[in-house]
2 protein chains.
Amino acid sequence: MIREITAHELDPESFIREKVEDIRRTVGEGWAINALSGGVDSSTVTMLGHRALGERLRTVFVENGLMRAGEAEQVTGFFRALGVTVEVVDARAEFFAALKGITDPEAKREAVTQTFYRDVFGRLVRESGANHLLQGTILTDVDETVAGIKRQHNVFEQLGIDPQAAFGYRILEPLIQLRKDGVRKLGQALGLPGELFQRIPFPGPALAARVIGEATPERIETVRQATRVVEETLSGYGTFQYLAILHEDRVTGMRDGRRDFGQQIEVRCWDSVDARTATPTSVPFEILEQLAQEILGAVPGIVSVTYNIASKPPSTIEAL
Amino acid sequence: MIREITAHELDPESFIREKVEDIRRTVGEGWAINALSGGVDSSTVTMLGHRALGERLRTVFVENGLMRAGEAEQVTGFFRALGVTVEVVDARAEFFAALKGITDPEAKREAVTQTFYRDVFGRLVRESGANHLLQGTILTDVDETVAGIKRQHNVFEQLGIDPQAAFGYRILEPLIQLRKDGVRKLGQALGLPGELFQRIPFPGPALAARVIGEATPERIETVRQATRVVEETLSGYGTFQYLAILHEDRVTGMRDGRRDFGQQIEVRCWDSVDARTATPTSVPFEILEQLAQEILGAVPGIVSVTYNIASKPPSTIEAL
C-alpha cells in the first residue's frame, strides 16, 4: 500500500531533499537512465534525478516521428536553459515501420507502446550501462493500472521481466506517492518553466492518435501541420484542450476549378474541468472560419474542415 | 439549336396553351408516362402533362429507399391536392441490391442512375403501353450535357437506343427552352404550391450521396434520421442549403460509461447565391450544440457530430 501525499500536505523542499538522498543512496556509484517525454511527470522526475545524480543520469528524448512541430527542440530547449542535457534519439524509422499497415486504433496504440518499451528504450537501457531506471509513475497511474484503465507504466512489467533478477536493474519511482497537482507543485519548486505546465494534454501515442486510419509519415505530417495552425489559433481562449484530427474518409473538393477528392480535418476545442465531462468551446464563428481558411491554405491535400459540436459524453475528447 | 425563352419574356398562360396543344396533338389518342421526383422540373412537367392529357398521362414516383423521411407522402400529397394521382412504385429492394458493396461515390451514383433508367423506369415504360414519354429536361441540362458536366437526361440516349425506331416511342420535352427561373414561374402559374419551390436542393442519388462508404438500408436510415433533425432545426435560417452526412470513419464514444466506437454525423449549412461559391452559415453556437444533442439522442449509433467551417472552394456543397 502506497501512502498518498496530497498536494496540500506536500512540502516541496523537504520532499526534494528526501528523494535526492534516496536516489543517491540507491544508485550509489552507478548510473541511471530515464526517458523524457516533455510531460509534467517525466519533466519533474528528470529535474529530481539531475538534482541527485548530475551527469550520472542520462536523459533521453525519443523522437518517434509522431510529435508536434518543433516539440523535440522545445522540450530540449527548456532543459538546456536549466542546465540539463537531453539526448535526442531519432527512432522515427522504427516507429513508422511498426505502424505500417495498421489502422485499428488499439493496435496503433500498442505498436507505439511496444516500439518504445521493447525496441527503442529497451535497447537504450541495455546499452547504456546504467543499472537504475528512473520513472515518473504517479499514484493515479497505479490506481488506473489496478482498475484496468491504463496499461502498466513499468517498462519491465510490460515485458514480463523481473528487472532485478534478469539484469540487476532497479527501478526508481520517486513520484509514486503524488498525484498530478502535487507533481505540478514539485515541478515548479524544481524550477520547471511555466510554459511546460501550460502545454495542453497530449495523448501517449502522440499524433498517431490524431489520424483515423494508417499513421504514415505523410499523414502524420498532414495532421502535424493542421495541429500547428489549430494550436496557434486556439491557444488564446483558455480552453481545456484543442486538437486537429485527420479523417480517413475522402470528400469532394475543388482543385484548379475541377472536382477532386481530398481529405478532411476535424477541429475539436473543449471546455472542461476534469476531462470527465466536456463541452465544445463556443469559439466566435469568424475565428472558426479563419481557422478553416488557414488550414485549407497551409496543409496540402485538405479540402474540408469541420468543428466538433458534440459534448462528452457520448463523445470523448480525443477521436481515437 | 434550341431557342431560349428567358423567364422575363415568358408569358406563362400563352406558353401553357401552346404546350398543351403540342402535347395533345403529338400524343393523339395514345398514352404518355412520366417520372415525378418532386423537383421543380418534374413537378412542372407533370402539371403541364396532366393539363394536356388528364388520365392519359401516367405519373409514377419511384420509391428508391433513398428519399428523406416522409418524402413520397409529401410529394404525392401535393399532387393529390391538385387532383393529380401519382402512382408510387416501391423499388427499394432493387436499388439496395444495386448499391450492395459499392463504396466509390461515382460508382454509387452510376448504380442509382442505371437502376432507375435501365431497370425500374425502363421496365415501367415498356410495360405501361404508353407510346410517349414526358420529360422535364430544361435548357441548362442540355448545356451541361454538351459541356460534359452532366450525364444525358434522355432515358433512351442513356440506353443507346433510338426510341422511335426501337419501340415507336416519342419523347416530349416541353420545358426545353426554359431555365430554372422560367420553370419556377411556369410551375407557379400551373398552381404548384409554394412549399414545393421552397424545398432545398437535393442530389440525384438522394441519401446515397449523403453517406460516405456503402449505402446499406441501415446506414441510409441513420442519415435519414439525422437529415430530419437537421432540416427541422435549420429550415428557419433562410440559408441556401443544409444537410447531414454520415461518415464512414469510426470515432471513440462513451456508451453506458464505457469507451466504444461509434459513427459521426457531419452537418453542413451554406450561405450561397448560385452554388458556385458558398460559405458556412454562422448559426448561433447554442443552436449548433442543441442540434448535436438532438442528433446524439435521436439517431442510434451516433457518438459524434461536427459542423462544416470550410468555404467553397476548395470545399463543395455536398461531400460526395
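Analyst: In this predicted model, strand 9 of chain A is joined to strand 9 (residues 302–308) of chain B by three bridges, and the two strands run antiparallel. Within this pairing, A:Thr306 stands opposite B:Asn308.

On the side of chain A, 42 residues are in contact with 42 residues of chain B. The size of an interface is often given as the accessible area lost when the parts come together. For chain A and chain B, the buried area is about 3500 Å², and carbon and sulfur atoms give 60% of that value.

Which elements of chain A each supply at least two residues of the side that touches chain B? They are helix 5 (105–128), strand 6 (241–255), strand 7 (258–271), strand 8 (279–280), helix 12 (285–298) and strand 9 (302–308). Strand 6 of chain A gives the most to this side, with eight residues. Sorted by class, the side of chain A that touches chain B consists of 19 nonpolar, 14 polar and nine charged residues.

Polar and charged groups can next be considered across the boundary. Between chain A and chain B there are 16 residue pairs in polar contact, counted where both residues have pLDDT 80 or more. How many salt bridges does the rule find across the interface of chain A and chain B? The number is zero. Over all chains, however, the count by this rule comes to 31 salt bridges.

Side chains of opposite charge can pair when their charged atoms come close. A:Glu106 forms a salt bridge with A:Arg109, and their closest N and O atoms are 3.4 Å apart. Because A:Glu106 and A:Arg109 are three residues apart in helix 5 of chain A, about one helical turn separates them.

Most residues other than glycine have a negative phi, and most peptide bonds are trans. In the loop between strand 7 and strand 8 of chain A lies A:Ala275, a residue other than glycine whose phi is positive, near 70°. The peptide bond from A:Lys312 to A:Pro313 is cis, with omega near -15°. The next bond, from A:Pro313 to A:Pro314, is likewise cis, with omega near 5°.

Whereas the two copies of strand 9 run antiparallel, strand 1 (residues 32–35) and strand 2 of chain B pair in the parallel sense over four bridges. There, B:Asn34 has B:Thr59 in strand 2 as its bridge partner. Strand 1, helix 2 (residues 40–53) and strand 2 of chain B together make a right-handed β-α-β unit.

Strand 2 (residues 57–63) of chain B also pairs with strand 3 (residues 86–90) of chain B, in the parallel sense and over five bridges. In this pair, B:Val60 stands opposite B:Glu87. The chain passes from strand 2 through helix 3 (residues 71–81) to strand 3 of chain B, and this β-α-β crossover is right-handed. Strand 1 of chain B has a further parallel pairing, over two bridges, with strand 4 (residues 132–134) of chain B. The bridge partner of B:Ala32 in strand 4 is B:His132.

Technical notes:
Residues are numbered from 1 along each chain as its sequence is written. Chains are lettered from A and ligands numbered from 1 in the order in which they are written. Side-chain values use heavy atoms; hydrogens and water are left out. Contact means heavy atoms within 4.5 Å. Buried area is the accessible area (1.4 Å probe) that two parts lose on being put together, summed over both. A salt bridge is a side-chain nitrogen of Lys or Arg within 4 Å of a carboxyl oxygen of Asp or Glu. A polar contact is a pair of N or O atoms within 3.5 Å; within protein, one must be able to donate a hydrogen and the other to accept it, and residues adjacent in sequence count only if both atoms are side-chain atoms. Ala, Val, Leu, Ile, Met, Phe, Trp, Tyr, Cys and Pro count as nonpolar, Asp, Glu, Lys and Arg as charged, and the others, Gly among them, as polar. Two strands pair if DSSP finds at least two bridges between them. A crossover is right-handed if, with the strands pointing away from the viewer, the path from the first strand over the helix to the second runs clockwise.
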